[in-house]
Amino acid sequence: MKGKDFDLSCRLRIIIDTSVYIDLFSERNEKRVQLAEKLFNYIKSKGNSVRLYGPRLLLIELAGVPIRYTLPRAVSNII
């Protein structure tokens with residue numbers, strides 16, 4: 001595999017779906033929050049041996065979530 005983003009020193013590559021980030025902060029479901037916390041704590045404990053990836057639309061998907069819970073004007077000010 002070629003490319004500037006490919007790092008042979010990285011042993012573990014993880015793609016994290018947007019929903020995991022949302023679960024970490026939403027507090028909608030305590031079990032999902034705990035699982036997200038465990039995942040990020042595990043990744044943190046591995047240091048530089050883990051490379052994280054997210055969907056290309058991660059920022060757009062994250063911006064779309066607050067609009068469900070707040071006024072659209074408040075979300076557009078954040079974006």
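Q: Which residues of helix 1 are buried?
A: In this predicted model, the buried residues of helix 1 are Thr18, Val20, Ile22 and Asp23.

Q: What do they pack against?
A: The buried residues of helix 1 pack against helix 2 and against helix 3, which spans 58-64.

Q: Back up a bit. What is the secondary structure of the protein?
A: There are four helices and two strands. Along the sequence the order is β-α-α-β-α-α.

Q: And how much of the protein counts as buried?
A: 19% of the 79 residues.

Q: OK, helix 1 and helix 2. At what angle do they cross?
A: Roughly 110°, with the axes coming within 8 Å. Helix 1 covers residues 18-26 and helix 2 covers residues 30-45. Angles from 65 to 115 degrees count as roughly perpendicular, so helix 1 and helix 2 are roughly perpendicular to each other.

Q: Is the crossing left-handed or right-handed?
A: The crossing of helix 1 and helix 2 is left-handed.

Q: Which residues meet there?
A: From helix 1, Ser19, Val20, Tyr21, Asp23 and Leu24. On the helix 2 side they meet Arg32, Val33, Ala36, Glu37, Leu39 and Phe40.

Q: How many of those are nonpolar, polar and charged?
A: In the contact of helix 1 with helix 2, seven residues are nonpolar, one is polar and three are charged.

Q: Asp23 is one of them. Buried or exposed?
A: Asp23 has 7% relative accessibility, and buried means under 20%, so Asp23 counts as buried.

Q: What does Asp23 touch?
A: Setting aside residues up to four places away in sequence, Asp23 touches Arg28, Arg32, Val33 and Ala36.

Q: And Ala36, what does that one touch?
A: With the same exclusion of residues up to four places away in sequence, Ala36 touches Val20, Asp23 and Leu24.

Q: Switching to the core. Which residues make up the largest nonpolar core?
A: Seven residues: Ile14, Ile16, Val20, Ala36, Phe40, Ile43 and Val50.

Q: Which element gives the largest share of this core?
A: Helix 2, with three residues.

Q: Now Thr18. Where is it found, and is it buried or exposed?
A: Thr18 is found in helix 1. Its relative accessibility is 3%, so Thr18 counts as buried.

Q: What is Thr18 in contact with?
A: Pro55, Leu58, Glu61 and Leu62, leaving aside neighbours within four places in sequence.

Q: How many residues apart in sequence are Thr18 and Leu58, and how far apart in space?
A: Thr18 and Leu58 are 40 residues apart in sequence. C-alpha to C-alpha, they are 5.9 Å apart in space.

Q: What about contacts in the whole protein, what share comes from residues 24 or more positions apart?
A: Such pairs account for 60% of the contacts with a separation of 6 or more.

Key
Residues are numbered from 1 along each chain as its sequence is written. This is a predicted model: local features need pLDDT of at least 70, side-chain atom pairs count only at pLDDT 80 or more; totals for chains, interfaces and linings use all residues. Side-chain values use heavy atoms; hydrogens and water are left out. Axes are lines fitted to C-alpha atoms, for helices over the stretch in contact, and angles run from 0 to 180 degrees between N-to-C directions. Angles under 35 degrees count as roughly parallel, over 145 as roughly antiparallel, 65 to 115 as roughly perpendicular and the rest as oblique. A crossing is left-handed if the near helix is turned anticlockwise from the far one by less than a right angle, and right-handed if clockwise. Contact means heavy atoms within 4.5 Å. Ala, Val, Leu, Ile, Met, Phe, Trp, Tyr, Cys and Pro count as nonpolar, Asp, Glu, Lys and Arg as charged, and the others, Gly among them, as polar. A nonpolar core is a set of buried Ala, Val, Leu, Ile, Met, Phe, Trp, Tyr and Cys residues joined through side-chain atoms within 4.5 Å. Buried means under 20% relative accessible area, exposed over 50%, partly exposed in between (1.4 Å probe, protein chains only).
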